[in-house]
Every structure is written in structure tokens, then in C-alpha cells.
Amino acid sequence: MAWLKMQMRASALIGGILSVVHPELYAAGIDCLRALNDDPGSVHKGEALAAVLNIWSSPFTAITTISNRDTPYHRDNGSAHSWFDILVALGEYENGRIEFPGLGMRLKYNPGTVVAFTGRVLQHGANCPGDRACIAYHMKLNAVQELGVSTPSWVNETLLSL
């Protein structure tokens, strides 16, 4: 719980980024939070959920931390193909790289970098020498469906012009 409290402002900022890059996914995340708040008993250990919801400032249904390890090429299971994950690179290192081999892209991935992409579709991996962490914000398809929230589609220019 202490870590979540320390991340409240950063998680809210990441939510703000999501509201710009994929407004429909942001709205679905907010709908999930509302559904959980309205009926915390709908999930296992719902009594503990109320305390978490008081400090959960992200529209994402999950946050994962990765510390001091390279991530080999992979795709993220559990999300929908059309949804964005947002990664935040942290630490003390230089020359970090995130790669998307299917796109032939290798990008600088140093501390402070924020990347939004479809982790279920795009194979990706990261290599960062030194002391590093990554905070990955993502949505779990089964959680969204279980809460009865409509599942967002691909983002498009019509959504971005709202």
C-alpha cells in the first residue's frame, strides 16, 4: 500500500497520457473503477479492495514492476489486441534500448522515457545496463469483461479529435 501511495501522482499522470492517446480505453478504465467502487464484493477479497481504491489513481486495471532484468522479446498476454500498455523507464543507467523487431525499430529507452503501444500485438523487448526499473501499466481483458464494461476498440483519428 505504501508503494501505491507514493505512485499516486505518477499513476494519475500516466492516466492523463492514456486519456490523450486512447480516450476510449481511458473511459473503460474509469468505468471499471466505478464498478469496483460500487460493488467491491464482486471480487475475491473485496473487503481489502476499498482501501486500495482509495489510493488507486490509475485507469489501468494492473500495474507491474520489473526490476534490474532485461526483457527478452515477447508479447503481453491478458490484454486485448487494440489496447495500449504504457511503460515508464526508471533508474540510473545510459544506453537503454527498447526494440520492436516486427517493425524493425530500436529506440532509446533511458530513465524518464514513457512508451505507449499495443503490447499484445507488437513483440517487444528491452535491454538497459545498470540499475533500472520499469513500471508497466496495462489492462486485463478478463477484469474488464467480468465487470461488465464494454471493451474499447482500436484508437483512431476520430477518437483523437474529440
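Predicted model: local features only at pLDDT ≥ 70, side-chain atom pairs only at ≥ 80, totals over all residues.
Me: How many residues does helix H3 have, and how far does it reach?
Reply: Helix H3 spans residues 23-38, which is 16 residues, and reaches 22 Å from its first C-alpha to its last. That is close to the 22 Å expected at 1.5 Å a residue (the expected span is 1.5 Å times one less than the number of residues). Helices here are DSSP runs of H or I with at least four residues, and strands are E runs of at least two, numbered from the N terminus.

Me: Which residues of H3 are buried?
Reply: Leu25, Ala28, Gly29, Cys32, Leu33 and Leu36 are the buried residues of H3. Buried means under 20% relative accessible area, exposed over 50%, and partly exposed in between, with a 1.4 Å probe and protein chains only.

Me: Why do they line one face?
Reply: Seen down the axis of H3, the buried residues fall within an arc of 145 degrees, so they line one face of the helix (the arc is that of the directions from the helix axis to the C-beta atoms). On the other side of H3, Arg34, Asn37 and Asp38 are exposed.

Me: And what covers the buried residues of H3?
Reply: The cover includes helix H2 (8-21), helix H4 (46-55) and helix H5 (141-146).

Me: Which residues are buried in H2, then?
Reply: Ser11, Ile14, Gly15 and Leu18 are buried in H2. They cover an arc of only 105 degrees around the axis, which puts them on the same side of H2. Arg9, Leu13 and Val20 are exposed on the other side. The buried residues of H2 pack against H3, S1, S3, S6 and S8.

Me: Changing topic: what volume has the largest pocket, and which residues are closest to its centre?
Reply: The largest pocket has a volume of about 440 Å³. Of the 20 residues that line the largest pocket, Leu36, Val43, Leu49, Thr61 and Ala143 are the closest to its centre. On a 1 Å grid over the protein atoms alone, a pocket is an open set of points where a 1.4 Å probe fits, with protein on both sides within 12 Å along at least five of seven lines, and lining residues have an atom within 4 Å of a point.

Me: Which elements contribute to that lining?
Reply: H3, H4 and H5 are the elements that give two or more residues to the lining of the largest pocket.

Me: Last one: where does Thr118 lie, and is it buried or exposed?
Reply: Thr118 lies in the loop between strand S6 (114-117) and S7. At 8% relative accessibility, Thr118 counts as buried. Leaving aside neighbours within four places in sequence, Thr118 is in contact (heavy atoms within 4.5 Å) with His81, Ser82, Trp83, Phe84 and Trp154.

Terms used
Residues numbered from 1 in each chain as written. Heavy atoms only, no water. Points joined across faces, edges and corners; volume = space filled by probe spheres on them.
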